[in-house]
Amino acid sequence: MDLVLKAPAERMEIVLKSLHTDLDKIVTLYNDNSIYYDCRDLRFLWDKPLSYVDKDIQAQQKKTQAASDELKEASNSYEMTPFNGMSKDEAAVLERRVDKLTAEYQKEKAKLQNFYAKRKSLEEERWSVPTDIFRLIYLKCNGLLPVIEKYYNKPVEKNKEQSERTEVYLSMSLLVSVHELCNGRQFEDMAAIDFFHALNLHQASKPLEVCRNEKVRVCYLIHQLSEKIDKGMRSEWIGAMLRNTGIEQEYYRSKYREPISDPPSKKNKEFAEALKEILG
């Protein structure tokens, strides 16, 4: 508001344009990939630093214990000087050794305490990070964007990638398991995130390549997955999936129940049972 009320018009337009562009990118990025971002737990970033500190603690514990043992041995000897016939000079030498070992022990103990303090600090940092940090950023930006647009009358034209289809027909959590079952078997090898985009019909996603002699099982897979999609979008999704996999409608209608036909082949039966375990 200070910018709008006090800044020169030229400067205001430049700043608002830049701010609008960045906010729009953040909001679009989250909307397109929220299912991926929402399952990210940033606390794992502290795993490696904590493992390093744990190693330092273990090494320092050994040094501190060794210094403690040496000090105890010297202290015990010094305490026995009145009874073991040592001269004053010998007792003085032993006393100086005890003082020296005490200082060394305190030094090693301080190092150990510093490592413990460092570990505690890392743990506090780790648990202070919200697990939904990406959504919090999105909510802040999405709330500010309409305010900016109110004063910025030249909204940035969204590029093709930003205007792509972003609906999620099937969740990432479901498709991860389906990917594990089908990758390299029913479909040629592809990354799980590419598989997710392909089955959700996102534009510019990598093509699905059906493996040789797997069309029947792919037909069954498409039918079973379609049962997880709202009825209003089911027919559209099936049609698009058939086009993307190069399967004819007639072939699909005649083959999609074959893996559970009577009697099914061993391979069809195993595939149908594995898919049922995933889909429930």
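A residue counts as buried when its relative accessible area is under 20%, as exposed when that area is over 50%, and as partly exposed in between (1.4 Å probe, protein chains only). With that in hand, let's look at how side chains meet in this structure.

The model is predicted, so local features need pLDDT of at least 70, side-chain atom pairs count only at pLDDT 80 or more, and totals for chains, interfaces and linings use all residues. Residues are numbered from 1 along each chain as its sequence is written, and side-chain values use heavy atoms, with hydrogens and water left out.

## Charged pairs

Side chains of opposite charge can pair when their charged atoms come close. Here, a salt bridge means a side-chain nitrogen of Lys or Arg within 4 Å of a carboxyl oxygen of Asp or Glu. The whole structure holds eight salt bridges, including those in this table.

| Salt bridge | N to O distance |
|---|---|
| Asp 194 and Lys 206 | 3.3 Å |
| Glu 214 and Lys 267 | 3.2 Å |
| Lys 255 and Glu 258 | 3.5 Å |

Helices are DSSP runs (H or I, at least four residues), and so are strands (E, at least two); both are numbered from the N terminus. Asp 194 is buried at 17% relative accessibility, while Lys 206 is partly exposed at 49%.

Glu 214, in the loop between H7 and H8, and Lys 267, in helix H11 (residues 266–279), link distant parts of the chain, 53 residues apart. Glu 214 is buried, with a relative accessible area of 4%, whereas Lys 267 is partly exposed at 47%.

## Rings

Rings of Phe, Tyr and Trp (its six-membered ring) pair if their centres lie within 6.5 Å; planes under 30 degrees apart are stacked, over 60 edge-to-face, and the rest tilted. The count comes to four aromatic pairs. Among them, Tyr 30 and Tyr 138 are stacked, 4.5 Å centre to centre with 20 degrees between the planes. Tyr 30 is in helix H2 (residues 9–37) and Tyr 138 in helix H5 (residues 133–151), 108 residues apart. Both of these tyrosines, Tyr 30 and Tyr 138, are buried.

Tyr 220 and Phe 271 form an edge-to-face pair, 6.4 Å centre to centre and 65 degrees between the planes. This pair joins helix H8 to helix H11. Tyr 220 is buried at 5% relative accessibility, and Phe 271 is buried with a relative accessible area of 5%.
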